[in-house]
Amino acid sequence: MNRRWHTAALAALIAAGTLIAPQAVAKDDGLALTPPMGFNNWNTTHCRDDFNEEMVKGIADIFVSKGLKDAGYEYVNIDDCWALPERDANGDLVPHPVRFPNGIKHVADYVHAKGLKFGIYTSAGTKTCNNQGGFPGGLGHEEQDAKLFASWGVDYLKYDNCNNQGVDAKQRYTKMRDALEATGRKIVFSICEWGQNKPWEWAKDVGHLWRTTGDISDNWNSMVSIAKRNMELADHAGPGHWNDPDMLEVGNGGMTDLEYRSHFSLWSIMAAPLLIGADLRKVTPATFEILQNREIIAVNQDKLGVQGRVVRNQGGNHVLVKPLSNGDKAILLFNENDSAANISVTAQELGLTRASGYKVRDLWAKTTSHTAGSISAALPPHGSAMFRVSAAKDWYNYPPAITTAADGDVLYPGALPIVQPGKTITYTTSVSNTGRLPIAAVQAALTVPHGWTAKATSSSFKPILSGEKTFRTTWQVTVPATAAPGRFPISASFTFHSPHENNPVTRQYSTEALVPGAPPKGELFISDLKWLRAANGHGPVEVDTTNGEAKQGDGGPITIRGKVFAKGLGTHAPAHIEYYTGGSCSKVTATIGIDDKKVNPLSLVSYEVWADNTKVYDSGPVSGADAAKSLEANVSSATVVRLIVRDGGNGKSYDHADWGDVRISC
Ligand code: GLA
């Protein structure tokens, strides 16, 4: 219970039925009424030497010169490694003399002079986290450290969880909250205990934000798994108390710009703190463009302060909605998977009703259109689309929303379109008008690589495409017999007249076709073949070693119940590996089980083998206690063999699934 509330006032509220049960109430200090925005050096520098005064000043300069400050970014925060390993004779923390030769106050003053705010870091433990030994933490020194920070002009404290000596988390974080409040300075308090003690249940009046997960790293799997965990906690966030899925990786180089757009969209719709984690002195213009998308920032910073909720998640096709203070709804359509996807949602599902049409602002394309009720997007792998939908009466002043797509025939849902040299594959292009008004003179075209042919086998022209209708064309795409293996671009374009445009509109949609190499021959270890695609729940799939952790090549020998395998695959649920077999293989055999090094009560998976769209092997539940299993699967006539590991239903922790000696007979 917030100490500042008078018991009598609270009792009156309960009596009046305003409050059903006394719950933790958010801090009422007026801080972090919208999610904090700013910078933190950790994701880009860790404890490297380039984390220093010059960097912090450089970031503050760029915040001003490049317009980030105007866009709302405010806090310039420093993380671990700013201090020396020992306190001084007075017991005070000492700034690292090489990194910060002029002290911390000097840097804070510099940041303040730019009209920005300054943040610092320590741990609710005896030492901070960095593996070079850390510097002394705040546990038992709360008041002294808080006073020192306040005297330097600190506006934000990130309080970590390492070396906490087993002291109760609520007690540790409350102690520092009280110490910060006692300084009289307004300091945003960021709880960083990685979601271990469910801070969303008790920390509303302790901190302004709390981490909900372990550390993010600069790769797709890490970002997505953190986002999915954070999505579940939407009910707990609000003004002054935010779920924190960790700092942004946008611009650090481990993901594509398309993936960073998804990352930024997810964090924005989840009302997550937007703390830039890249060295802005070195990033590309595309990074600035993502971080400075003001319409998306406006969704994040909306004063209603509601975290976007999951409307649905169908196998990694996510729809999230965030209500906004003016009655609009922000929506995110997000494709987690490696294959293209059409995702849609209706205005009704968003809770918007009683309008004959809706205005739809595409927050990445920066276009406005209208819809009769359905909002959809054809998304590439890992892509997303973000919209602001409103029940505005003037919807008919905007052109109808049009979605375009081109899909090749596939062997199973989500597969890559595969075509052998000299053969033909069918593509279907589509133009969907989700508006109320018609579009006219719709012409579809398909562009294929040089030497290939594309022939429409149904009409590619539609004089009028009414609202809420889709126009499809089928195409036979023929690949020359001499085509080399590879992934080739297939690009569809659509031109049409829209009621609100003077000139014809053109839309493009890019996809691809995969030309496989020769099918494998003989008795082979599958790990010697090149896969078509591989996805893994934690780090990459490893060849001939175990999965290890998040980094490539960090596994050890594949070992199942004491038996070591020189060949095989190291995976972690959920995993999915596809091999081209071209109908010429008959059998897959392997020894499967949880890796000896990672056996844990939480290890629970199942293994499957698929021949195209048919499941030909299912191990049933496999736990760390089970003996190694022999797998044999009949894959005759399969064009693609798929090896799959599923999480056993208890979450994906410790699901390090080994495939020993996977052999294929072709
Ligand atoms: C922990 C935190 C990170 C970072 C490091 C610094 O891992 O979760 O965000 O602050 O410590 O050592």
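**Exercise 1. The second largest pocket**

Strand 15 gives the most to the lining of the second largest pocket, namely six residues. The structure is a predicted model. Starting from this strand, describe the volume, the contributing elements and the residue classes of the second largest pocket.

*Solution.* 

Step 1. The space in the second largest pocket amounts to about 970 Å³. Its lining is made up of 36 residues, and those closest to the centre are Asp362, Ala365, Phe387, Ile402 and Arg507.

Step 2. Several elements supply at least two lining residues each: helix 10 (257–269), together with strand 13 (358–362), strand 14 (367–371), strand 15 (374–379), strand 16 (384–390), strand 17 (402–408) and strand 24 (505–515).

Step 3. By class, the lining of this pocket contains 18 nonpolar, 13 polar and five charged residues.

**Exercise 2. The surroundings of the ligand**

Identify the residues that surround the ligand, and state which polar contacts its oxygen atoms make with asparagine 130, lysine 158 and aspartate 160.

*Solution.* 

Step 1. The shell around the ligand consists of Trp42, Asp79, Asp80, Tyr121, Cys129, Asn130, Lys158, Asp160, Cys192, Trp194, Arg211 and Asp215. Sorted by class, this shell holds six charged, five nonpolar and one polar residue.

Step 2. Two of the contacts involve side chains. A ligand oxygen lies 2.8 Å from an N or O atom in the side chain of lysine 158, and a ligand oxygen is also 2.8 Å from an N or O atom in the side chain of aspartate 160.

Step 3. The ligand taken alone exposes 310 Å², of which the protein buries 93%.

**Exercise 3. Enclosed cavities**

*Solution.* 

Step 1. The largest cavity has about 50 Å³ of space. Its lining is formed by Asn40, Asn77, Tyr156, Lys158, Ser190, Arg211, Asp244, Asp246, Met247 and Leu275. These residues divide into four charged, three polar and three nonpolar. Lys158 and Arg211 belong both to this lining and to the shell around the ligand.

Step 2. The second largest cavity has a volume of about 30 Å³. Leu411, Tyr412, Ala415, Leu416, Ile418, Leu532, Arg533, Glu578 and Val640 line it. Here seven residues are nonpolar, two are charged and none is polar.

**Exercise 4. Arginine 533**

Is arginine 533 buried or exposed, and which backbone oxygens does its side chain reach?

*Solution.* 

Step 1. Arginine 533 is placed in strand 26 (residues 533–535), and it is one of the residues lining the second largest cavity.

Step 2. The relative accessible area of arginine 533 is 11%, so the residue is buried, the cut-off being under 20%.

Step 3. The side chain of arginine 533 reaches the backbone oxygen of glycine 414 at 2.9 Å and the backbone oxygen of aspartate 338 at 3.1 Å.

**Exercise 5. Backbone geometry in loops**

Locate histidine 46, arginine 561 and proline 574, and describe the backbone of each.

*Solution.* 

Step 1. Histidine 46 occupies the loop between helix 2 (42–45) and helix 3 (53–65). Its phi is near 45°, a positive value in a residue other than glycine. Because its relative accessibility is 40%, histidine 46 counts as partly exposed.

Step 2. Arginine 561 is in the loop between strand 28 (558–560) and strand 29 (563–565). Although arginine 561 is not a glycine, its phi is positive, at about 45°. With 30% relative accessibility, arginine 561 counts as partly exposed.

Step 3. Proline 574 lies in the loop between strand 30 (568–572) and strand 31 (575–580). The peptide bond joining alanine 573 to proline 574 is cis, with omega about -10°.

**Exercise 6. Proline 449**

Where is proline 449 found, and how many residues separate proline 449 from alanine 483 in sequence?

*Solution.* 

Step 1. Proline 449 belongs to the loop between strand 19 (439–447) and strand 20 (453–456). At 16% relative accessibility, proline 449 counts as buried.

Step 2. Proline 449 and alanine 483 are 34 residues apart in sequence, and their C-alpha atoms are 10 Å apart in space.

Conventions
Residues are numbered from 1 along each chain as its sequence is written. This is a predicted model: local features need pLDDT of at least 70, side-chain atom pairs count only at pLDDT 80 or more; totals for chains, interfaces and linings use all residues. Side-chain values use heavy atoms; hydrogens and water are left out. A residue is near a molecule or strand if one of its heavy atoms lies within 4 Å of it. A polar contact is a pair of N or O atoms within 3.5 Å; within protein, one must be able to donate a hydrogen and the other to accept it, and residues adjacent in sequence count only if both atoms are side-chain atoms. Accessible areas come from the Shrake-Rupley method with a 1.4 Å probe; for residues, only the protein chains shown count as cover. Ala, Val, Leu, Ile, Met, Phe, Trp, Tyr, Cys and Pro count as nonpolar, Asp, Glu, Lys and Arg as charged, and the others, Gly among them, as polar. On a 1 Å grid over the protein atoms alone, a cavity is a set of points where a 1.4 Å probe fits but cannot get out, and a pocket is an open set with protein on both sides within 12 Å along at least five of seven lines; lining residues have an atom within 4 Å of a point. Grid points are joined across faces, edges and corners, and a volume is the space filled by probe spheres set on the points. Helices (H or I, at least four residues) and strands (E, at least two) are DSSP runs, numbered from the N terminus. Buried means under 20% relative accessible area, exposed over 50%, partly exposed in between (1.4 Å probe, protein chains only).
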